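Subject: Model for you to look at

Dear colleague,

I am handing over the structure we spoke about, with the sequence alongside. Please open it first, and then read the notes that follow.

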Amino acid sequence: MSTDAALLELRQLTRRFGGLTAVDNVSAQVMSGELVGLIGPNGAGKTTLFNLISGVTPPTTGEIAFEGRRITGARPFEVARMGVGRTFQNLRIFPNMTVFDNVSVGAIGDIALGDALTWRGRARARSISEVSTEMLDKVGLAAFAGELAANLSYGKRKMLEIARALAGRPKLLILDEPAAGLNDTETADLARFIQRLRGEGLTILLVEHDMSLVMRVCSRVMVLAFGRKIADASPAAVQSDPAVLDAYLGTGDE
Amino acid sequence: MSARLNLVLVLALGALLAGLVALGSSYFHQIAITTMIFVILSASLNLITGSAGLLSLGHAAFFGVGAYAAALLSTRLGWPFWLTLPAAGAAAAAVGALVAVPTMRLTSIYFAVATLGIGEMIYVTMLNWVGFTRGPMGIRSIPGLELWGFKGIAFALVVTAGVMLAVLWLVHRLVHSYYGNAMRALREDDACADAMGIDVGRLKLQAFSVACALAGVAGALFAHTTGYISPESFKFGESILVLSMIVVGGLGSVYGSVIGAVILSVLPELLRELGSWRMIAVGAVLFLSILFLPRGLVGEVSAIELIRRQLRRRDRGDGGARRVAW
């Protein structure tokens, strides 16, 4: 593996919660422009690893680098501003705000009180509106811009979350179980959408519990089990890997 | 709401003011001034509680800090009101920021309890630091609003109205900008706002300081227009009264702040004949509004929902949501 073009690099990350080692010595890389899947059975440590990357939880040991810069210990908002956009496993939209305002929050970034009150705020406001409009168009929610987010259907809320993450113009987009709760048609639409984003050059890390979406769109799949990375290969290779099958189905000799 | 509606409202208010000045009943003038001071208080509280979702139970204390700053600066140092007003705002903002730094790490209901405690601390300080604040005796003979020979209650009315409009403009500007969206995101889901790139700690500190500064300015107006202040005016009950105003008017809405403040300031005056029973009427208005108008008259979030969310926030399952905001 080359180390020069890695957009995201995890070096020997470990996170312990008391006696439980949720993430155990995981090293991984995500190259610029890649669409990587991260899968694993329930309790494998996917969400913990996700929280380590996005700055929600600091690692016990190990390092995280984004674009070659060390971001270990950075707070979530700092990680976000550096260019890591994310969605949430259990939808986290702002229900009492309009769809448009929801998306615009992703584009705000720095909050300078002085700017908001003076003429400088106008230029900021305009660029925030432009990005928000663009992203709403992109996910196909432009017609709902003025609607309260709480009134959207589940599938549309999922797309709203993605639009909000995209509004921050991320270099790396981490999607946390985007297909959960979607029906087959919606999942197929989502797969097409994710591939389109990748076509535009966005690097995507897709965290999924369910294999089907990951196998369909990812170029490389990492598998976590009991906090450890047990596989890191092409979808086809991962699917026939005995260690992965053991993790998902259990071994006969236990 | 549209710009035309804004214009109509400002004109209506101007006409009302002109009418009051022309009619010249000092009783009405005093009620109008008190109402406008409460409009400033409710608009500033609505900024942090309604828009940013930080339930503050100590707003009256910052009102008091401003009032005492203005009273002391004008009686002891002879500062004119156009200096004491900004100074009172700065003093309240400074105290607010000082208080904010340790409490900002608290989320939800813990923050509310902290502001309650701090409000009481400030009140007790006013009451017991007799050498500085004259304690329960209060401060007397605070000079009225006076500039270029204009003075008297009609002038005070005009100045108060001017300051109130400036405050409303400022709050309106903040709430309807991207800054307002950042605050609403904080109210809706602080951990998520954090993950979207918003410096939640800094935003809380800023919003809280601004709200305290505006409450301080209201305090200065109060000190100069009544001429006498004592700690009694800045007790917990006053904080709750202001909170009731924004709940009745509508959380997160500038119009709601104005309407709520007007209703709950004027109603007790209209019901003066009922004697002490009139406070029950005030309570009934709050109760009925929560029951039948959960979002207040024009609010964007319901009071019950806000409180419920504060209590629930800790139990939610996603990673850092259970932890402090930064």
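In chain A, the centres of domain 1 and domain 2, taken over C-alpha atoms, are separated by 26 Å. Domain 1 of chain A covers 1-83 + 170-254 and domain 2 covers 93-168, where the bounds come from an automatic or database domain assignment. Eight residues from domain 1 of chain A and seven residues from domain 2 of chain A make the contact between them, two residues being in contact if their C-beta atoms, placed from the backbone, lie within 7 Å. On the domain 1 side, these residues divide into five nonpolar, one polar and two charged, with Ala, Val, Leu, Ile, Met, Phe, Trp, Tyr, Cys and Pro counted as nonpolar, Asp, Glu, Lys and Arg as charged, and the others, Gly among them, as polar.

Please bear in mind that this is a predicted model, in which local features need pLDDT of at least 70 and side-chain atom pairs count only at pLDDT 80 or more, while totals for chains, interfaces and linings use all residues. Residues are numbered from 1 along each chain as its sequence is written, and chains are lettered from A and ligands numbered from 1 in the order in which they are written.

Chain A holds an open sheet of four strands in the order E2-E1-E4-E5, with antiparallel pairing; helices (H or I, at least four residues) and strands (E, at least two) are DSSP runs, numbered from the N terminus, and two strands pair if DSSP finds at least two bridges between them. Its edge strands are E2 (20-31) and E5 (69-70) of chain A, each of which pairs on one side only. Strand E1 (residues 6-17) and strand E4 (residues 61-66) of chain A run antiparallel and are joined by five bridges, and A:Glu9 stands opposite A:Ala65 in E4(A). Helix H1 (residues 46-53) of chain A packs on this sheet, where it touches E1, E2 and E4 of chain A, and its direction makes about 60° with that of E2(A); such angles run from 0 to 180 degrees between N-to-C directions, and axes are lines fitted to C-alpha atoms, for helices over the stretch in contact.

Between the chains, 35 residues of chain A are in contact with 30 residues of chain B. The elements of chain A that give two or more residues to this side are H1, H2 (76-82), H3 (99-108), H4 (113-117) and H5 (120-139), and the largest share, five residues, comes from H3(A). By class, the chain A side has 16 nonpolar, 12 polar and seven charged residues.

In chain B, helix H2 (residues 26-51) and helix H10 (residues 200-226) pack at an angle of about 170°, with their axes 8 Å apart, which makes H2(B) roughly antiparallel to H10(B) (the word is used for angles over 145 degrees). The residues of this contact divide into 17 nonpolar, two polar and no charged.

B:Ser44 is found in helix H2 of chain B. Is B:Ser44 buried or exposed? B:Ser44 is buried, because 30 other C-beta atoms lie within 10 Å, and the cut-off for buried is 20 or more. Leaving aside residues up to four places away in sequence, B:Ser44 touches B:Val171, B:Ala211, B:Leu214 and B:Ala215.

With best wishes

Methods
Angles under 35 degrees count as roughly parallel, over 145 as roughly antiparallel, 65 to 115 as roughly perpendicular and the rest as oblique. A residue is buried if 20 or more other C-beta atoms lie within 10 Å of its own, exposed if 12 or fewer, and partly exposed in between; C-beta atoms are placed from the backbone.
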